[in-house]
Amino acid sequence: MCGIVAIAGKSPVNQSLYDALTMLQHRGQDAAGIVTTEGSRLFLRKDNGMVRDVFHTRHMLRLAGNFGIGHVRYPTAGSSSSAEAQPFYVNSPYGITLAHNGNLTNAHKLAGEIFRTDLRHVNTDSDSEVLLNVFAHELQSRGKIVPSVDDVFAAVSGVHTRCKGAYAVVVMITGYGIVGFRDPNGIRPIIYGERDTPEGKEYIIASESVAITSLGFRVVRDLAPGEAVFISNSGQLHTRQCADNPVYAPCIFEYVYFARPDSIIDNISVYKARLRMGEKLAATIRRDYPDLHIDVVMPIPDTSRTAALELANQLNVKYREGFMKNRYIGRTFIMPGQGQRKKSVRQKLNPIELEFAGKNVMLVDDSIVRGTTCREIIQMARDAGASKVYFASAAPAVKYPNVYGIDMPAKAELIAHGRTDQEVCDLIGADALIYQKLDDLIAAAREGNPDIQQFDCSVFTGEYITGDIDERYLDDLQASRNDQAKIGKGQGATIVDLANG
């Protein structure tokens with residue numbers, strides 16, 4: 001999962017891009033990058049680290065120009081190489097830069113095609129570089145010295161034809177404009193907005209609405225699955241559907257965990273969706289666990305706070321903040337390696353013992369993935385004096401890998417895969433474990449936008465919306481993404497053996 005932003009402005013955009021990336025920092029903490037353009041020149045700064053660490057005053061001063069794109073990176077494959085920080089750049093045609101959120105499921109195959117038929121070299125493990133070269137080739141094949149709007153949209157159509165998986169993308173074509181587009185299933189979010197200035201209208205494209213509204217832009221709308229938007233250098237905005245058979249199936253995990261609660265994605269308020277998750281989880285507890293005596297409900301900060309508050313309200317039980325969070329520790333979900341995640345839990349959270357002593361505590365988290373975090377937290381609650389510790393998940397059991405850009409990799413690392421709920425409960429050390437029902441989760445999200453007929457729920461069901469995932473693919477994914485592979489992963493290796501591929 002990553003965060004992307006693009007701004008087509010009437011004045012320098014470096015500060016606005018920086019501010020937008022700070023609003024999207026929760027989507028990626030591994031690396032950050034900004035590229036701007038002035039005339040025919042590009043100005044790029046990217047490196048490993050948080051936004052505040054990557055960009056200093058001297059870097060900001062060099063990011064000249066009224067157009068630019070930015071990216072915060074979250075490494076699903078575990079590599080922390082600065083070579084994979086985005087945006088990526090290719091000089092032909094025109095000079096194109098790209099930032100991408102998602103994951104291509106046919107990246108390996110495409111990398112070979114790019115080398116053999118497109119005569120292009122891929123220098124990193126990143127599927128984003130593959131996507132960039134596919135877009136560049138499709139645009140170059142139009143054979144124009146000056147690309148037209150139709151040429152740009154035709155290139156996006158070519159991407160949709162060749163690329164499989166999940167992708168929300170912003171592209172800057174030097175001297176011509178900015179493009180944003182979304183995969184034909186709309187798995188990853190992308191939204192655009194506008195604002196009026198004395199010099200004319202400015203546009204922004206971003207992963208979440210919060211990056212738009214925080215900068216004083218008005219949200220226009222989400223891009224539809226398969227749709228593209230192009231803002232020319234002259235400030236003209238064009239949109240077009242570029243996919244033949246688009247299907248609206250956004251990732252439901254955005255609402256569970258990744259997106260900020262103050263964002264609206266696909267016309268669904270993330271905050272209200274999480275309130276409804278808490279409401280429906282409370283109904284499950286009342287129906288299926290009537291004998292639980294719960295003294296207090298506590299969230300695992302921060303993502304579960306909204307659901308936990310509504311759960312407590314519905315059960316008429318006290319809500320308390322039992323854990324204080326160290327905000328200088330990153331999100332444990334996206335840390336590579338079980339050892340690092342386990343160690344960081346106790347550095348990140350500290351219990352308030354008086355809230356636990358002698359009480360039956362219901363802990364609420366957004367989800368349970370590897371089980372590392374919740375097992376440590378349950379033990380912390382017991383150490384703080386809790387009589388009983390119940391655990392509730394606002395999402396169903398995560399049983400299958402995610403292939404669309406979220407780090408839920410090897411099946412063997414998913415605690416619920418191949419286990420019953422009771423077995424998971426025993427492993428994490430809880431006195432009771434309550435999962436959200438999948439139908440309830442879908443209803444909680446869909447209530448915000450009834451036009452969405454389905455969501456990508458593959459991590460719960462094993463049914464992959466793109467239809468191109470089989471056991472061999474998942475086995476290869478497990479080999480490349482398990483914790484041991486992440487720890488031992490080399491830096492800067494190419495994505496495919498070009499000599500033998």
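Biologist: Let's start with a strand pair: which residue in β4 does T37 stand opposite?

Modeller: Keep in mind that this is a predicted model. Strand β2 (residues 31–38) pairs with strand β4 (residues 67–73) in the antiparallel sense, over seven bridges. Within that pairing, the residue in β4 that stands opposite T37 is F67.

Biologist: And on the β3 side, what is the bridge partner of A32?

Modeller: β2 runs antiparallel to strand β3 (residues 41–48), and eight bridges join them. The two strands form a hairpin with two residues between them, and G39 in the turn has a positive phi of about 65°. As for A32, its bridge partner in β3 is D47.

Biologist: How many of the eight residues of β2 are buried?

Modeller: Buried here means under 20% relative accessible area. β2 is largely enclosed by the rest of the structure, because the number of its eight residues that pass as buried is seven.

Biologist: Now the six-stranded open sheet: which are its edge strands?

Modeller: The order across this sheet is β5-β6-β7-β8-β12-β13, with antiparallel pairing. An edge strand pairs on one side only, and that picks out β5 (88–90) and β13 (237–241).

Biologist: Staying in that sheet, what is the bridge partner of I178 in β12?

Modeller: β8 (residues 177–182) sits beside β12 in the sheet order. Those two strands, with β12 covering residues 227–232, pair in the antiparallel sense over five bridges. For I178, the partner in β12 is I231.

Biologist: Over to helix α14: why do its buried residues line one face?

Modeller: The helix covers residues 438–446, and its buried residues are D440, L441, A444 and A445. Look down the axis of α14 and they line one face because they fall within an arc of 130°.

Biologist: What do those buried residues of α14 pack against?

Modeller: Contact means heavy atoms within 4.5 Å. Going by that, the buried residues of α14 pack against α8 (253–258), β15 (268–269), α9 (270–288) and α15 (458–461).

Biologist: Zooming out, what radius of gyration does the chain have?

Modeller: The chain has 17 helices and 22 strands, and its C-alpha trace spans about 75 × 55 × 45 Å along the principal axes. With 501 residues, a compact globule would come out near 23 Å, and the chain agrees with that, at 23 Å.

Biologist: Last one: what share of the residues is buried?

Modeller: The accessible surface of the chain comes to about 19000 Å², with 47% of it belonging to carbon and sulfur atoms. Of the 501 residues in the chain, the buried share is 59%.

Conventions:
Residues are numbered from 1 along each chain as its sequence is written. This is a predicted model: local features need pLDDT of at least 70, side-chain atom pairs count only at pLDDT 80 or more; totals for chains, interfaces and linings use all residues. Side-chain values use heavy atoms; hydrogens and water are left out. Two strands pair if DSSP finds at least two bridges between them. Helices (H or I, at least four residues) and strands (E, at least two) are DSSP runs, numbered from the N terminus. The radius of gyration is taken over C-alpha atoms; the globule rule is 2.2 Å times the number of residues to the power 0.38. Buried means under 20% relative accessible area, exposed over 50%, partly exposed in between (1.4 Å probe, protein chains only). Accessible areas come from the Shrake-Rupley method with a 1.4 Å probe; for residues, only the protein chains shown count as cover. The arc is that of the directions from the helix axis to the C-beta atoms.
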